[in-house]
Amino acid sequence: MTSGSPENVLFVVMDTVRKDHLGPYGYDRDTTPGLDAFAEEATVFDNAVAPAPWTLPVHASIFTGMYPSRHGADQENPYLEGATTLAQSLSAAGHDTACYSSNAWITPYTHLTDGFDDQDNFFEVMPGDLLSGPLARMWQVLNDNPRLRRLADMIVSAGNTAHEYLSSGEGADSKTPRVIDRTKQFVEEAESGDSDGWFSFINLMDAHLPYHPPAEFREEFAPGVDSSEVCQNSKLYNSGAEEIDDDEWDDIRGLYDAEIAHIDSQLTRLFDWLKETGRWDDTAVVLCADHGELHGEHDLYGHEFGLYDPLVNVPLLVKHPELDAERREDTVELLDLYHTVLDTFDADATATPEEEAVALDPTRSLLSEQYREFDGVEEPDPAQQAAPSGETGFVEYSRPVVELKQLEEKAADAGIELDEDSRFYARMRAARSADAKYVRIDRIEDEAYRLDEDPGETENLAASDDETIDEVEGELAIFETEIGGAWTSAAAGEVSDDSVEEMDEEIQERLQDLGYME
């Protein structure tokens with residue numbers, strides 16, 4: 001621990017928030033007055049790279065210090081296993097830990113909440129207490145058995161249909177105020193005991209589709225827009241089943257801005273409370289997005305099927321007494337935040353015989369003078385081996401089976417046949433520096449962009465002789481080799497009566513309760 005380390009860490013993930021819609025990153029709408037003020041006392045990073053473009057693998061990386069292909073949590077294997085989490089290590093070191101979110105992936109059934117002393121999930125369809133025990137075992141059996149995976153797809157499809165219904169229109173309400181209130185309660189309870197400092201992790205879901213912001217923010221940023229009348233299903237657009245014109249995109253972006261403004265107001269409420277109660281100076285604050293969102297760029301909506309910068313170059317602001325209040329353009333990976341939090345608490349990973357743990361690496365801690373000086377690491381990880389300069393971040397994207405299932409359903413309903421040799425079915429890996437990006441794609445042509453000259457990623461230079469592109473492609477090739485090679489396709493199979501009979505009675509009863517078996 002450095003001499004000026006604070007006693008506590010508040011870690012905030014603004015789910016699905018792209019950085020160019022925030023004031024600290026130059027947005028021309030006043031969506032984030034609170035974050036604008038926060039940025040004045042924080043380090044603002046321009047080149048923060050997420051390890052994946054969606055929630056589950058990103059959070060698993062933040063919680064374990066591992067790249068997605070190492071921790072293995074993705075939609076084809078939707079749970080984290082065999083890895084020691086940040087919360088487990090901090091709890092073992094005597095710190096109070098809590099996790100509050102309304103994201104369905106951050107629950108006991110994915111094991112992302114393992115190690116937290118307290119956790120709650122406010123998701124409407126699958127609350128946290130249901131995503132443990134028999135249902136978690138059922139889900140694992142379904143996904144582990146290729147012959148049963150289609151049955152899992154049925155459950156996912158029904159769950160998403162229910163979520164679309166429950167989270168639509170005026171019936172939807174933000175869970176963020178409850179997350180903030182629960183966080184304040186946790187802090188008070190932690191400090192009333194013999195706490196050695198607390199770690200509070202919160203995920204705020206307002207900016208995730210569908211967008212139904214509170215009225216006061218909708219009136220400011222999307223006046224006259226009826227959120228139930230615009231396209232709120234990205235799969236309808238991506239499949240080609242529905243078109244969106246420029247005016248509708250403006251309305252969608254207005255609703256998105258309103259959601260971000262609501263997040264900002266709630267974070268300001270929490271920050272003000274920490275200041276008013278004398279806790280602010282003793283609390284480090286890490287604020288980031290897990291990924292961003294596309295609103296028609298590259299003919300995509302949402303955060304699937306690509307590794308473009310609005311998805312993986314995310315906002316990151318850190319308030320810590322050992323960091324200057326400044327803007328930085330060097331590359332930082334969200335995976336590094338695992339090490340930064342451990343370093344703040346002067347803690348290390350506490351592995352068990354059944355679990356793998358990533359030890360604190362000073363070259364991955366923002367607090368270290370050796371930050372991202374990878375050339376001297378004795379046992380480098382794949383990224384350190386590939387890019388010893390530390391100037392490149394790496395992204396991995398396994399095929400999104402849940403979204404793909406929904407995409408296929410929307411296309412089929414519209415009489416559209418999707419091409420399996422398309423980005424919808426592809427897996428991707430990328431190497432990204434501040435100047436360039438190279439994306440390896442397994443079913444279509446690779447993509448490469450000079451980000452310093454073409455930040456909108458409009459000209460694909462994968463087949464060019466650009467030296468900067470060649471450099472990041474070479475780093476990606478080394479990373480792929482070190483990480484274990486290219487992605488392999490998921491096994492396919494039919495669900496038969498024999499397959500269902502392989503499940504134990506408890507799981508069959510649970511399926512009957514859910515209406516999937518008679």
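Just after helix H12, Asp346 takes a positive phi of about 50°. Helices, here H or I runs of at least four residues, and strands, E runs of at least two, are taken from DSSP and numbered from the N terminus. Helix H12 itself spans residues 336-344, and 9 of its 9 residues are buried. Buried means under 20% relative accessible area, exposed means over 50%, and partly exposed lies in between, with a 1.4 Å probe and protein chains only. Among the buried residues of H12 are Asp336, Leu337, Tyr338, His339 and Val341.

Before I continue, a word on the source. This is a predicted model, in which local features need pLDDT of at least 70 and side-chain atom pairs count only at pLDDT 80 or more, while totals for chains, interfaces and linings use all residues. Residues are numbered from 1 along each chain as its sequence is written, and side-chain values use heavy atoms, with hydrogens and water left out.

Let us follow the chain past H12. Glu354 sits in the loop between H12 and helix H13 (382-386). Is Glu354 buried or exposed? Glu354 is exposed, with a relative accessible area of 63%.

I now turn to the sheets. Strands of a sheet pair through backbone hydrogen bonds, either parallel or antiparallel. In this analysis, two strands pair if DSSP finds at least two bridges between them. What is the order of strands in the open sheet of 8 strands? The order is E4-E3-E5-E1-E6-E9-E2-E10, and the pairing is mixed. Strand E4 (118-121) and strand E10 (327-333) are the edge strands, each pairing on one side only. From one strand to the next, the twist averages 15°. For such angles, axes are lines fitted to C-alpha atoms, for helices over the stretch in contact, and the angles run from 0 to 180 degrees between N-to-C directions.

Within this sheet, strand E6 (residues 283-288) and strand E9 (residues 313-319) pair in the antiparallel sense over 4 bridges. Here Val285 stands opposite Lys319 in E9. Helix H7 (residues 176-192) packs on the sheet and touches strand E1 (8-14), strand E3 (96-101), E4 and strand E5 (198-204). The direction of H7 makes about 175° with that of E5. Contact, in this setting, means heavy atoms within 4.5 Å.

There is also an open sheet of 4 strands, in the order E11-E12-E13-E14, with antiparallel pairing. Strand E11 (393-397) and strand E14 (447-450) each have a single partner strand, so one side of each is left without a neighbour in the sheet. Neighbouring strands of this sheet are turned by 10° against each other on average, direction ignored. Strand E13 (residues 436-441) is joined to E14 by 4 bridges, and the bridge partner of Ala436 in E14 is Arg450. Helix H15 (residues 467-483) packs on this sheet, touching E11, strand E12 (428-432), E13 and E14, and its direction makes about 45° with that of E13.

Next, the interior. In soluble globular proteins, nonpolar side chains tend to be buried together. A nonpolar core is a set of buried Ala, Val, Leu, Ile, Met, Phe, Trp, Tyr and Cys residues joined through side-chain atoms within 4.5 Å. Which residues touch the most other members of the largest nonpolar core, which has 118 residues? They are Phe11 and Phe199. The largest share of this core, 11 residues, comes from helix H10 (residues 246-276). Beyond its neighbours within four places in sequence, Phe11 has contacts that include Ile62, Phe199, Val286, Leu337 and Val341. A second, separate core of 16 residues includes Ala386, Phe394, Ala436 and Phe479.

Finally, the aromatic rings. Rings of Phe, Tyr and Trp (its six-membered ring) pair if their centres lie within 6.5 Å; planes under 30 degrees apart count as stacked, over 60 as edge-to-face and the rest as tilted. The structure holds 18 such pairs. One of them joins Phe186 and Trp198 edge-to-face, at 6.4 Å centre to centre and 80° between the planes. Phe186 lies in helix H7 and Trp198 in strand E5, so the pair ties together parts that are 12 residues apart in sequence. Phe186 is buried at 7% relative accessibility, and Trp198 is buried at 1%. Ring pairs also link Phe11, Phe63, Phe116, Phe199 and Phe201 into a cluster.
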